Amino acid sequence: MATFAEYAALARQLADQRRETDRDAVAADRHRSALRATLDQLTRRLDTQSHRLDQLGRAAGVTADPPAAPGARPASPTVSPAPAGAGASGAGASGGRAGGSPEPGTAGAGGAAAAPGRSGVGAYPQGATTTGAVVAVPTAAGVPAPRAGGVDPGAELAEARRLADEADRLIGLTEAVGRRPPLLPAWSPLARALAVYAACAAAGVVLALVLLGVAGVVASPGAVYVATCGALPVLCFVAGYLVLGRWGRPALGADGPPPRFVPLGFVTCVLLMPLAYCGYLVLFRLLR
């Protein structure tokens with residue numbers, strides 16, 4: 001017969017086990033709460049990333065495919081109907097009575113699998129036939145294969161967080177590139193505008209020199225001089241203005257028109273053309 005001391009020792013042991021179980025339960029509950037909070041945070045980050053990716057896709061002119069319907073299933077393999085004479089020949093070969101019903105006490109040619117009823121119910125497993133040929137049953141697309149062994153939720157969430165950080169970094173780099181204009185992205189807006197207007201003015205100077213070379217053959221020298229000093233500078237300015245408006249606008253974050261520095265462009269094109277023309281005349285006089 002157990003003594004009171006043994007009973008007290010067992011009670012203390014049971015109390016210790018209960019306290020340990022309570023501590024484990026509290027720790028497990030805190031761990032689940034931490035995992036749930038991490039999952040919620042990752043879900044919000046993924047939603048934000050999806051929104052940013054949609055903006056990048058619209059800016060790049062790429063549209064995402066619409067998601068599949070939740071209840072959509074892959075198409076099942078179609079079974080071609082048997083020829084009309086197959087049933088009659090089968091009935092004759094099985095020794096059945098008129099009407100296709102088997103003789104009492106005998107089984108049909110298909111066995112239990114040929115018995116009428118629901119499809120897929122019979123003596124043979126689904127995907128196999130009585131002839132030995134196996135038909136592959138399609139599986140749902142996009143369903144990952146089950147992993148072998150246990151999965152640590154903490155490790156999976158840590159990997160998901162790492163991938164989310166990498167995605168944020170790549171999206172940030174893409175947005176930084178998208179906020180730069182395609183034309184001279186590393187240059188400042190002022191330097192870009194000055195370079196574009198100077199290039200247009202240089203092209204106008206080359207065209208003016210060509211016109212001066214053919215002066216008197218295609219047109220009169222007076223008309224060529226008027227075009228060189230009046231029309232070409234304006235055309236060069238308009239060309240630079242249009243180039244900055246087309247290729248000087250960033251794909252992202254461009255709410256208004258890009259800076260074109262109209263006074264700077266006008267002065268550059270209008271002054272450079274007459275100066276180049278005067279330099280050409282001086283050089284021509286000196287060489288002559």
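In this predicted model, F266, V267, L271 and L275 form a nonpolar patch on the surface. Together they expose about 390 Å² of accessible area. V267 sits in helix α6, which spans residues 262-287. With a relative accessibility of 44%, V267 counts as partly exposed, because that value falls between the 20% and 50% cut-offs.

**Annotated segments**

The unreviewed UniProt entry carries the annotation "transmembrane region" for residues 194-217, 224-244 and 264-287. In the model, residues 264-287 are 100% helix and 0% strand. The end C-alpha atoms of that span are 34 Å apart. Residues 224-244 are also 100% helix, with 0% strand. Here the end C-alpha atoms lie 28 Å apart.

**Salt bridges**

Side chains of opposite charge can pair when their charged atoms come close. The whole structure holds 8 salt bridges.

R32 and D29 both belong to helix α1, residues 4-60. They are 3 residues apart, about one turn of the helix. R32 is partly exposed at 44% relative accessibility. D29 is partly exposed too, with a relative accessible area of 42%.

R45 pairs with D168 across distant parts of the chain. R45 is in helix α1, D168 is in helix α3, and 123 residues separate them. D168 has 24% relative accessibility, so it counts as partly exposed. Both residues belong to a network of salt bridges that also links R52, D165 and E175.

E159 and R162 are both in helix α3. Because they are 3 residues apart there, about one helical turn separates them. E159 is partly exposed at 35% relative accessibility. R162 is partly exposed at 47%.

R179 lies in the loop between α3 (153-178) and α4 (189-213). Beyond residues up to four places away in sequence, R179 touches P250 and L252. The C-alpha atoms of R179 and A251 are 6.1 Å apart, although 72 residues separate the two along the chain.

**Confidence**

The chain averages a pLDDT of 74, and 67% of the residues score at least 70. Over residues 76-80 the pLDDT is below 50, and that stretch has 1 contact beyond near neighbours in sequence. Residues 82-143 also have a pLDDT below 50, with 24 contacts beyond near neighbours in sequence.

Key
Residues numbered from 1 in each chain as written. Predicted model: local features only at pLDDT ≥ 70, side-chain atom pairs only at ≥ 80, totals over all residues. Heavy atoms only, no water. pLDDT = per-residue confidence, 0-100. Contact = heavy atoms within 4.5 Å. Patch = residues over 30% accessible without salt bridge, like charges linked within 9 Å, V, L, I, M, F, W, Y side chains within 5 Å. Areas by Shrake-Rupley, 256 points an atom, 1.4 Å probe, with all protein chains shown as cover. Salt bridge = Lys/Arg side-chain N within 4 Å of Asp/Glu carboxyl O. Helix = DSSP H or I, 4+ residues; strand = E, 2+ residues; numbered from the N terminus. Buried < 20%, exposed > 50% of the residue type's maximum accessible area, 1.4 Å probe, protein only. UniProt positions renumbered as here; feature names shortened; annotations may be inferred.
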